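Have the sequence and the fold in view as you read.

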Amino acid sequence: MTPSRIPEQSAGEPPHRRGRRPEPICESAGTAHRTWLEPVRSRFVASGLTLDDLVGRSGYSKTRLSELLRGKGYYPGWEITYSVVRALDIPVRPLLRLWKAAAVEADKPPTWIHNRVRQVQLADRDEQPLAHAGLTQAMWQPYSAYAQAFLQSEQRARQAVGETFDILWLTWDEATASPDTPRHAWMLLRTTVLSRTPRRPAGHYDLRAAAFSTAAQAEAGDLVERLARIDVFARFFDAIASLPADQMDVTVLRYLCGIAPDAIPGIVGLPPALTHTLDHHARWALHELFPDADTQE
């Protein structure tokens, strides 16, 4: 049975009671598990439903639903997860992708994942917001380039960007309610990518691996020269990662990803004048540390 959509409050009706916030997510829940569970919990609280309401809509017991909302015990099957997703009117397609990724993180075998999904008859396909689809199409390439600069893996970068746009779809109302949707999306992308990036002892992100993929070191014919160039670039990229966050982003996009300066403001969601200032300050700081580096226009 497919649960009905959450009814909208009619004019003149008393304010809808708000559901009690679920207990905190268990520490044992993995990172990927939390990625889809947190938006589900937020939607549950915002819906005004109580746990008893959710029991009636999903057909599952209060104990099992409480465990699902806390990430407690075994990783939940898709059937119970889907029942909650439909009860809360959450887009299914992005949630399913996130659920699968978290199932892999929870060491569930492919057969288990496939069988759990196959047992559920999905409702009609979700209607992706046109603005979200447009943003995805416009930003997929620059987001992927930024992600790959840090993660040094096309597959890991693709996963991070895909997760970003799936979370953005799940929280689209929040994104469009923010003062600047592109900025909101960029901050989500940055958080997703950097959560997967190792840190140096000093606390900044480790960008040194990018030194191995630079054109300059690849052109060096002598092994000793190539290693020397890698060492220089590794220290230079380490300095880039030490910059303030917005300066780092602009520098990575422009000089590591090769993105045109005029395109960067739209990607990071900042005014062109501010983006130019960030670029100028970053180049000045790097030039102080590496006077011979080509960081000046």
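Predicted model: local features only at pLDDT ≥ 70, side-chain atom pairs only at ≥ 80, totals over all residues.

Helix α5 (residues 92-105) packs against helix α8 (residues 154-170). The angle is about 135°, and the axes are 9 Å apart. Angles over 145 degrees would count as roughly antiparallel, and 65 to 115 as roughly perpendicular. The two helices are therefore oblique to each other. Their crossing is left-handed. On the α5 side, the contact involves Arg 93, Pro 94, Leu 95, Arg 97 and Leu 98. On the α8 side, Glu 163, Asp 166, Ile 167, Trp 169 and Leu 170 take part. Six of these contact residues are nonpolar, four are charged and none is polar.

**Helix α13**

Helix α13 runs over residues 245-256. Its length was checked against 1.5 Å a residue.

Buried residues of α13 are Gln 247, Met 248, Asp 249, Val 250, Thr 251, Val 252, Leu 253 and Arg 254. Gly 258 follows the helix, with a positive phi near 70°.

**Arg 57**

Arg 57 sits in helix α2 (residues 51-58). Is Arg 57 buried or exposed? Its relative accessibility is 18%. Buried means under 20%, so Arg 57 counts as buried. Arg 86 lies 29 residues away from Arg 57 in sequence. In space, their C-alpha atoms are 8.8 Å apart.

Methods. Residues numbered from 1 in each chain as written. Heavy atoms only, no water. Helix = DSSP H or I, 4+ residues; strand = E, 2+ residues; numbered from the N terminus. Buried < 20%, exposed > 50% of the residue type's maximum accessible area, 1.4 Å probe, protein only. Expected span 1.5 Å × (residues − 1). Axes fitted to C-alpha atoms, helices over the stretch in contact; angles between N-to-C directions. Parallel < 35°, antiparallel > 145°, perpendicular 65-115°, else oblique. Left-handed = near helix turned anticlockwise from the far one by under 90°. Contact = heavy atoms within 4.5 Å. Nonpolar A, V, L, I, M, F, W, Y, C, P; charged D, E, K, R; others polar.
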